[in-house]
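Here's a quick write-up of a protein chain, working from the whole fold down to its cores. Have a look at the model first.

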Amino acid sequence: MTKLNIYLNFAGNTEEVFNFYKSVFGGEFTSVFRFKDMPMEGVNIPKEDENKILHISLPVGKDNVLMATDSLESLGMKLTQGNNVYISVHPESKEEADRIFNALSAGGTIEMPIADQPWGDYYGSFKDKFGVQWMVIYTYPKGLIE
């Protein structure tokens, strides 16, 4: 079954925000990646941004995950109210990820084409024709990359 989660963008204070959310909801972070941890070909992260959060996730309740990143102006990301929230879709197969990505992004603006990513997921993001921001993420089963 496909799952939906909320993905938030912050202007450099994601770690502070998520420590606060953790104090409210409890639990433990299931992932914390800093920009320095995931070098991407052709992308130079300024020293002052290396420790910013590339991705963090906090399970909330039984089947929900709250996720976030720091939007770095040094990488051309401009955070304004309204572009700081994504709906994150997690299909059960790569084929379903492609179907959902292609259907929802039709007539919209693709931010990142869906493809295998350096962190191991099959991922893409876009704004649909109604202005809603989406991420489609298929996580390969452990030990399997298609």
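How far apart are the mean positions of the positive and negative charges of the protein chain? They sit 3 Å apart, for 13 positive and 20 negative charges. Lys and Arg count as positive, Asp and Glu as negative, with His and the chain ends not counted; each charge is placed at NZ of Lys, CZ of Arg, CG of Asp or CD of Glu.

## Ground rules

This is a predicted model, so local features need pLDDT of at least 70 and side-chain atom pairs pLDDT 80 or more, while totals for chains, interfaces and linings use all residues. Residues are numbered from 1 along each chain as its sequence is written, and side-chain values use heavy atoms, leaving out hydrogens and water.

## Overall fold

The protein chain has 2 helices and 8 strands, taken as DSSP runs numbered from the N terminus (helices H or I, at least four residues; strands E, at least two). Their order from the N terminus is β-α-β-β-β-β-α-β-β-β. Along its principal axes, the C-alpha trace spans about 35 × 35 × 35 Å.

## Cores

A nonpolar core here is a set of buried (under 20% relative accessible area, 1.4 Å probe, protein chains only) Ala, Val, Leu, Ile, Met, Phe, Trp, Tyr and Cys residues joined through side-chain atoms within 4.5 Å. The largest has 11 residues, including Ile100, Phe101, Phe126 and Trp134. Helix H2 (94-105), strand E7 (121-127) and strand E8 (133-139) each supply at least two of its residues. A second, separate core of 9 residues includes Val17, Phe18, Ile56 and Ala68.

Notes. Buried means under 20% relative accessible area, exposed over 50%, partly exposed in between (1.4 Å probe, protein chains only).
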